[in-house]
Amino acid sequence: MSELKNSGKRDVFSPLRNISVIANAGILSAIAIILGFFKIPVTQLIEIRFAVLPITIASYLFGPAVGGVVGLVSDIGGYILRPTGPFFPGFTVTSVVTGVIFGCMLYKRRPTLLRILTAQIVYTVICGIFLNSLWLSMLYGNGFIPVLTARIVKELVMIPVNTLMFAAVLQPVKKLVPDLTTMSRQ
C-alpha cells in the first residue's frame, strides 16, 4: 500500500477509512433502501425506479469503493426489509458494479450531461442489459437470449430518463455538499 502512495496513485479504498464518509455512506444506503420501495410505472414493462440515485451520489462524492459498498448494503438491506422474490446474489453483484461504474466515471469529475450520459450508457450495457438479463435467465430457467431480447428496449428507453434524473440530482449535490468531496480525499 505504501508503494501506491509513493507512486502518486490514489488508493480507492482510502475513503472507507474516514468516519464521516462511512456515516454518509450509511445514510445514503438507508435512503436507497427507502427509495427502493417506490417506482413510477410508465408502461407495463417500463418503470422509473429511484434506488440507484443514492448509489450514484455516493459514487460521485466518495468514489467507486464507497459506491460499491452503498450498492451492496442497499441491495441486501432492501431485501431484508421487503423481499420481492427469492434472494439472488447476482442482483447484489449488479448493485455493487453499479456503484463501481458510476464511481469510476464520475468521482473527482464535473458531472456534465455528457459524462453522466456516458456513465449511464456503460451502466445500461453492463448492468441493465447484460448482468440483469443473465441473472433473470439463471433465476427463472429461461434462455439468456429471449430474456435479453425482452429487456433491451426497456433498458435503452431508460437511458435518457435516468441521465436527466441523475443530472438533476448531481448538480445540486455538487453545490450543496462541496465539503463532503474534500472529506473523502483527505
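Predicted model: local features only at pLDDT ≥ 70, side-chain atom pairs only at ≥ 80, totals over all residues.
F102 has a relative accessibility of 0% and therefore counts as buried, a class defined as under 20% relative accessible area, with exposed meaning over 50% and partly exposed lying in between (1.4 Å probe, protein chains only). Y123, at 14% relative accessibility, counts as buried as well. Residues are numbered from 1 along each chain as its sequence is written, and side-chain values use heavy atoms, without hydrogens and water.

Six aromatic pairs were found in a search of the whole structure; rings of Phe, Tyr and Trp (its six-membered ring) pair if their centres lie within 6.5 Å, and planes under 30 degrees apart count as stacked, over 60 as edge-to-face and the rest as tilted. F102 and Y123 form a tilted pair, with 5.6 Å between the centres and 40° between the planes. This pair joins distant parts of the chain, 21 residues apart, with F102 in helix α5 (residues 89-106) and Y123 in helix α6. Helices are DSSP runs (H or I, at least four residues), numbered from the N terminus. Ring pairs also link F88, F91 and W135 into a cluster.

Helix α6 (residues 113-140) and helix α7 (residues 144-176) have axes that come within 8 Å and cross at roughly 150°. The two helices are therefore roughly antiparallel to each other, the term for angles over 145 degrees. By class, their contact comprises 18 nonpolar, eight polar and two charged residues; Ala, Val, Leu, Ile, Met, Phe, Trp, Tyr, Cys and Pro count as nonpolar, Asp, Glu, Lys and Arg as charged, and the others, Gly among them, as polar.

Technical notes:
Axes fitted to C-alpha atoms, helices over the stretch in contact; angles between N-to-C directions. Parallel < 35°, antiparallel > 145°, perpendicular 65-115°, else oblique.
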